[in-house]
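My entries follow the order in which I looked.

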Amino acid sequence: MFFAKSPEVIPLTYDDIIFQTRHRAYGAFTLRQQYRPTLSRALGLGVGLFLGTLAAPTLYARFWPHEAMNSTNSMTEVTLTKLVEPPTELPIPLPPVEQAPAVNTVRNLPPVVMPEVDVVEDNLPPTVDQFKDATSGSQTAEGTGDIDVIAAPEATAATAIEKAVEADSKTELPFTAVEQQPEYPGGMDALRTFLGKNLNYPRSAASAGVSGRVYVSFVVNTDGSLTDLHVLKGIGFGCDEEAVRVMQKMPHWRPGKQSGRSVRVKFNLPISFTLE
(Lines give C-alpha, C1' and ligand atoms only; values in the text may rest on other atoms or scores of the structure.)
Protein backbone atom coordinates (compact mmCIF):
# COMPACT_ATOMS: atom_id res chain seq x y z
CA MET A 1 0.00 0.00 0.00
CA PHE A 2 1.18 3.41 -0.79
CA PHE A 3 0.35 6.38 1.39
CA ALA A 4 0.35 9.84 -0.04
CA LYS A 5 2.45 12.36 1.88
CA SER A 6 0.40 15.33 3.14
CA PRO A 7 1.73 18.69 2.17
CA GLU A 8 3.50 20.70 4.90
CA VAL A 9 1.18 23.25 6.53
CA ILE A 10 2.77 26.68 6.95
CA PRO A 11 1.16 28.66 9.81
CA LEU A 12 -0.31 31.98 8.79
CA THR A 13 0.60 35.14 10.66
CA TYR A 14 -1.65 38.07 11.47
CA ASP A 15 -0.06 40.03 8.66
CA ASP A 16 -0.73 37.19 6.18
CA ILE A 17 -4.37 37.17 7.12
CA ILE A 18 -4.69 40.96 6.71
CA PHE A 19 -2.89 41.04 3.36
CA GLN A 20 -4.44 37.82 2.03
CA THR A 21 -6.51 39.72 -0.52
CA ARG A 22 -4.32 42.82 -0.80
CA HIS A 23 -1.34 43.86 -2.82
CA ARG A 24 1.79 43.01 -0.81
CA ALA A 25 4.34 44.59 -3.10
CA TYR A 26 3.10 48.09 -2.30
CA GLY A 27 5.27 48.37 0.83
CA ALA A 28 2.82 48.24 3.76
CA PHE A 29 3.29 44.49 4.18
CA THR A 30 7.08 44.87 4.44
CA LEU A 31 6.73 47.73 6.95
CA ARG A 32 4.44 45.65 9.18
CA GLN A 33 6.85 42.73 9.09
CA GLN A 34 9.79 44.97 10.07
CA TYR A 35 7.86 46.97 12.75
CA ARG A 36 8.51 44.75 15.75
CA PRO A 37 12.27 44.22 15.11
CA THR A 38 12.70 47.94 14.48
CA LEU A 39 10.77 48.82 17.68
CA SER A 40 12.90 46.41 19.71
CA ARG A 41 16.15 47.87 18.36
CA ALA A 42 14.97 51.46 19.01
CA LEU A 43 13.89 50.61 22.56
CA GLY A 44 17.21 48.91 23.29
CA LEU A 45 19.15 51.83 21.82
CA GLY A 46 17.18 54.35 23.91
CA VAL A 47 17.68 52.39 27.13
CA GLY A 48 21.38 52.05 26.38
CA LEU A 49 21.80 55.80 25.76
CA PHE A 50 19.92 56.62 28.97
CA LEU A 51 22.04 54.28 31.07
CA GLY A 52 25.20 55.52 29.40
CA THR A 53 24.31 59.13 30.19
CA LEU A 54 23.75 58.25 33.85
CA ALA A 55 26.98 56.27 34.09
CA ALA A 56 29.17 58.76 32.17
CA PRO A 57 30.18 60.93 35.22
CA THR A 58 30.98 57.82 37.28
CA LEU A 59 33.06 56.27 34.49
CA TYR A 60 34.85 59.57 33.85
CA ALA A 61 35.74 59.96 37.53
CA ARG A 62 36.90 56.32 37.65
CA PHE A 63 39.25 56.45 34.65
CA TRP A 64 40.38 60.09 34.97
CA PRO A 65 40.15 60.93 38.70
CA HIS A 66 42.84 63.67 38.74
CA GLU A 67 41.24 65.72 35.96
CA ALA A 68 37.78 65.34 37.53
CA MET A 69 39.08 66.59 40.89
CA ASN A 70 40.78 69.59 39.31
CA SER A 71 37.62 70.48 37.40
CA THR A 72 35.43 70.32 40.52
CA ASN A 73 37.84 72.17 42.83
CA SER A 74 38.77 74.94 40.43
CA MET A 75 38.44 78.39 41.92
CA THR A 76 38.22 81.76 40.26
CA GLU A 77 40.48 84.46 41.56
CA VAL A 78 38.58 87.60 42.50
CA THR A 79 40.32 90.91 43.05
CA LEU A 80 38.76 93.12 45.73
CA THR A 81 39.11 96.84 45.47
CA LYS A 82 38.98 99.05 48.53
CA LEU A 83 36.18 101.56 48.50
CA VAL A 84 37.10 105.17 48.78
CA GLU A 85 36.08 106.43 52.19
CA PRO A 86 34.18 109.73 52.20
CA PRO A 87 36.01 112.66 53.73
CA THR A 88 35.28 113.07 57.41
CA GLU A 89 33.58 116.33 58.29
CA LEU A 90 34.71 118.18 61.35
CA PRO A 91 32.01 118.56 63.99
CA ILE A 92 30.36 121.95 64.13
CA PRO A 93 31.31 123.63 67.40
CA LEU A 94 28.30 124.44 69.52
CA PRO A 95 27.99 127.77 71.25
CA PRO A 96 28.71 127.68 74.97
CA VAL A 97 25.66 126.97 77.08
CA GLU A 98 24.79 129.91 79.24
CA GLN A 99 23.99 129.01 82.79
CA ALA A 100 20.48 129.91 83.76
CA PRO A 101 20.28 132.62 86.37
CA ALA A 102 19.44 131.43 89.84
CA VAL A 103 17.43 133.10 92.56
CA ASN A 104 18.08 133.28 96.27
CA THR A 105 16.56 130.34 98.12
CA VAL A 106 15.77 129.93 101.81
CA ARG A 107 15.54 126.51 103.43
CA ASN A 108 11.91 125.81 104.17
CA LEU A 109 11.27 122.16 105.10
CA PRO A 110 7.94 120.69 106.18
CA PRO A 111 7.35 121.14 109.91
CA VAL A 112 8.23 118.13 112.08
CA VAL A 113 7.18 117.77 115.72
CA MET A 114 10.33 117.33 117.83
CA PRO A 115 11.14 117.38 121.55
CA GLU A 116 12.12 120.74 123.01
CA VAL A 117 15.62 119.44 123.80
CA ASP A 118 16.37 118.72 120.10
CA VAL A 119 15.14 122.08 118.79
CA VAL A 120 17.98 124.12 117.24
CA GLU A 121 17.99 127.34 115.30
CA ASP A 122 18.61 125.58 111.97
CA ASN A 123 15.30 123.73 112.27
CA LEU A 124 13.24 126.86 112.89
CA PRO A 125 10.99 127.99 109.99
CA PRO A 126 12.12 131.06 108.04
CA THR A 127 10.67 134.47 108.78
CA VAL A 128 8.65 136.69 106.45
CA ASP A 129 11.59 139.09 106.03
CA GLN A 130 13.75 136.27 104.62
CA PHE A 131 11.26 135.70 101.79
CA LYS A 132 11.39 139.31 100.52
CA ASP A 133 14.27 138.62 98.12
CA ALA A 134 14.22 134.81 98.04
CA THR A 135 12.01 131.82 97.38
CA SER A 136 11.33 128.63 99.32
CA GLY A 137 13.69 125.70 98.73
CA SER A 138 15.27 122.64 100.30
CA GLN A 139 18.56 124.45 101.03
CA THR A 140 19.58 128.05 101.73
CA ALA A 141 21.64 129.34 98.77
CA GLU A 142 22.56 132.65 97.16
CA GLY A 143 21.51 133.32 93.61
CA THR A 144 23.33 135.11 90.79
CA GLY A 145 21.26 138.23 91.27
CA ASP A 146 20.45 138.46 87.53
CA ILE A 147 16.69 137.95 87.90
CA ASP A 148 14.05 139.25 90.19
CA VAL A 149 11.77 137.16 92.35
CA ILE A 150 8.37 136.81 90.73
CA ALA A 151 5.72 137.75 93.25
CA ALA A 152 2.20 136.40 93.15
CA PRO A 153 -0.38 138.85 91.77
CA GLU A 154 -2.66 140.48 94.24
CA ALA A 155 -6.18 139.12 94.43
CA THR A 156 -8.76 141.37 92.83
CA ALA A 157 -12.51 141.27 92.93
CA ALA A 158 -14.16 139.28 90.14
CA THR A 159 -15.87 141.30 87.45
CA ALA A 160 -19.45 140.78 86.28
CA ILE A 161 -18.31 138.87 83.16
CA GLU A 162 -16.10 136.54 85.24
CA LYS A 163 -19.01 135.87 87.60
CA ALA A 164 -21.26 135.01 84.64
CA VAL A 165 -18.66 132.65 83.16
CA GLU A 166 -18.19 131.01 86.57
CA ALA A 167 -21.94 130.55 86.95
CA ASP A 168 -22.22 128.98 83.49
CA SER A 169 -19.36 126.57 84.21
CA LYS A 170 -21.11 125.37 87.35
CA THR A 171 -24.26 124.45 85.41
CA GLU A 172 -24.56 120.69 85.30
CA LEU A 173 -25.15 118.87 82.06
CA PRO A 174 -28.60 117.27 81.85
CA PHE A 175 -28.96 113.55 82.57
CA THR A 176 -30.56 111.19 80.07
CA ALA A 177 -31.36 108.41 82.54
CA VAL A 178 -31.93 108.88 86.28
CA GLU A 179 -33.29 106.86 89.15
CA GLN A 180 -36.55 108.85 89.25
CA GLN A 181 -37.71 110.28 85.91
CA PRO A 182 -39.42 113.69 85.64
CA GLU A 183 -43.21 113.55 85.67
CA TYR A 184 -46.06 115.85 84.70
CA PRO A 185 -48.22 116.83 87.71
CA GLY A 186 -50.92 114.21 87.90
CA GLY A 187 -49.20 111.65 85.68
CA MET A 188 -49.68 110.69 82.04
CA ASP A 189 -53.48 110.90 82.19
CA ALA A 190 -53.29 114.54 83.28
CA LEU A 191 -50.76 115.21 80.49
CA ARG A 192 -53.11 113.75 77.86
CA THR A 193 -55.97 115.87 79.23
CA PHE A 194 -53.82 119.01 79.03
CA LEU A 195 -52.77 118.31 75.45
CA GLY A 196 -56.35 117.52 74.42
CA LYS A 197 -57.62 120.86 75.78
CA ASN A 198 -54.80 123.14 74.57
CA LEU A 199 -53.63 121.52 71.32
CA ASN A 200 -55.17 123.06 68.16
CA TYR A 201 -55.00 121.28 64.81
CA PRO A 202 -53.41 123.66 62.23
CA ARG A 203 -55.71 124.53 59.29
CA SER A 204 -53.00 123.91 56.72
CA ALA A 205 -52.40 120.41 58.09
CA ALA A 206 -56.12 119.66 58.24
CA SER A 207 -56.72 120.83 54.65
CA ALA A 208 -53.73 118.79 53.41
CA GLY A 209 -54.82 115.74 55.39
CA VAL A 210 -51.49 115.56 57.27
CA SER A 211 -51.35 113.53 60.48
CA GLY A 212 -48.59 111.94 62.56
CA ARG A 213 -46.37 112.51 65.57
CA VAL A 214 -44.12 115.44 66.45
CA TYR A 215 -41.21 114.50 68.73
CA VAL A 216 -40.26 117.39 71.05
CA SER A 217 -37.08 117.41 73.15
CA PHE A 218 -36.72 119.55 76.29
CA VAL A 219 -34.87 119.72 79.61
CA VAL A 220 -36.66 119.55 82.94
CA ASN A 221 -34.73 121.76 85.36
CA THR A 222 -34.34 121.17 89.10
CA ASP A 223 -37.27 123.53 89.75
CA GLY A 224 -39.51 121.74 87.23
CA SER A 225 -39.36 124.39 84.50
CA LEU A 226 -38.95 123.35 80.85
CA THR A 227 -36.07 124.75 78.79
CA ASP A 228 -34.17 123.98 75.57
CA LEU A 229 -37.38 123.19 73.66
CA HIS A 230 -36.79 122.03 70.10
CA VAL A 231 -38.34 119.60 67.61
CA LEU A 232 -36.44 116.37 67.01
CA LYS A 233 -38.73 115.08 64.25
CA GLY A 234 -41.71 116.94 62.83
CA ILE A 235 -44.37 116.58 60.16
CA GLY A 236 -44.60 120.22 59.06
CA PHE A 237 -47.73 122.23 58.01
CA GLY A 238 -47.68 124.14 61.32
CA CYS A 239 -47.82 121.06 63.55
CA ASP A 240 -44.22 121.52 64.80
CA GLU A 241 -44.85 125.13 65.87
CA GLU A 242 -48.12 124.18 67.56
CA ALA A 243 -46.38 121.43 69.58
CA VAL A 244 -43.71 123.88 70.80
CA ARG A 245 -46.39 126.45 71.71
CA VAL A 246 -48.29 123.95 73.86
CA MET A 247 -45.05 122.81 75.58
CA GLN A 248 -44.20 126.43 76.46
CA LYS A 249 -47.67 126.82 77.99
CA MET A 250 -47.24 123.68 80.12
CA PRO A 251 -46.94 124.03 83.95
CA HIS A 252 -43.82 123.00 85.87
CA TRP A 253 -43.08 119.29 86.05
CA ARG A 254 -41.89 117.27 88.99
CA PRO A 255 -38.07 117.24 88.57
CA GLY A 256 -36.08 114.05 88.20
CA LYS A 257 -33.92 112.81 91.03
CA GLN A 258 -30.56 111.08 91.20
CA SER A 259 -29.10 109.86 94.53
CA GLY A 260 -31.90 111.66 96.40
CA ARG A 261 -31.34 115.15 94.89
CA SER A 262 -33.06 116.98 92.05
CA VAL A 263 -31.10 117.10 88.79
CA ARG A 264 -31.61 118.39 85.26
CA VAL A 265 -32.98 115.68 82.95
CA LYS A 266 -33.34 115.66 79.17
CA PHE A 267 -36.77 114.36 78.11
CA ASN A 268 -38.35 113.47 74.75
CA LEU A 269 -42.13 113.62 74.31
CA PRO A 270 -44.17 112.52 71.23
CA ILE A 271 -47.27 114.63 70.49
CA SER A 272 -49.83 113.05 68.13
CA PHE A 273 -51.89 114.94 65.52
CA THR A 274 -54.81 112.78 64.37
CA LEU A 275 -57.62 113.72 62.03
CA GLU A 276 -61.05 112.59 63.20
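**Entry 1: His 252**

I began with His 252, which touches Pro 185, Asp 223, Gly 224 and Ser 225, not counting residues up to four places away in sequence; contact here means heavy atoms within 4.5 Å. This is a predicted model, in which local features need pLDDT of at least 70 and side-chain atom pairs count only at pLDDT 80 or more, while totals for chains, interfaces and linings use all residues. Residues are numbered from 1 along each chain as its sequence is written, and side-chain values use heavy atoms, with hydrogens and water left out.

I placed His 252 in the loop between helix 7 and strand 5 (256-258). Helices (H or I, at least four residues) and strands (E, at least two) are DSSP runs, numbered from the N terminus. His 252 counts as partly exposed, at 47% relative accessibility. For that term, buried is under 20% relative accessible area, exposed is over 50% and partly exposed is in between, with a 1.4 Å probe and protein chains only.

I then took two distances. A polar atom of the His 252 side chain lies 3.5 Å from the backbone oxygen of Asp 223. Between the C-alpha atoms of His 252 and Pro 185 I noted 7.8 Å, although the two are 67 residues apart along the chain.

**Entry 2: helix 5 against helix 7**

How do helix 5 and helix 7 pack? Helix 5 (residues 187-198) and helix 7 (residues 239-249) pack at an angle of about 120°, and their axes are 11 Å apart. Axes are lines fitted to C-alpha atoms, for helices over the stretch in contact, and angles run from 0 to 180 degrees between N-to-C directions. The two helices are therefore oblique to each other; under 35 degrees counts as roughly parallel, over 145 as roughly antiparallel, 65 to 115 as roughly perpendicular and the rest as oblique.

On the helix 5 side, I listed Phe 194, Leu 195 and Asn 198 as making the contact, and on the helix 7 side Glu 242, Arg 245, Val 246 and Lys 249.

Next I checked what is buried in helix 7: Cys 239, Asp 240, Glu 242, Ala 243, Val 244, Val 246 and Met 247. Their cover includes helix 5, helix 6 (203-208), strand 3, strand 4 (226-233) and strand 7 (265-273).

**Entry 3: Ser 217**

Is Ser 217 buried or exposed? Ser 217 is buried, at a relative accessible area of 1%, and I found its place in strand 3 (residues 212-220). Its side chain is joined to that of Asn 268 by a polar contact of 3.1 Å. A polar contact is a pair of N or O atoms within 3.5 Å; within protein, one must be able to donate a hydrogen and the other to accept it, and residues adjacent in sequence count only if both atoms are side-chain atoms. Not counting residues up to four places away in sequence, Ser 217 touches Asp 228, Leu 229, His 230, Leu 232, Lys 266, Phe 267 and Asn 268.

Asp 228 lies in strand 4 and has phi near 55°, a positive value in a residue other than glycine. At 47% relative accessibility, Asp 228 counts as partly exposed. Phe 237 is in the loop between strand 4 and helix 7, with phi near 60°, also positive in a residue other than glycine. I noted Phe 237 as partly exposed, at 45% relative accessibility.
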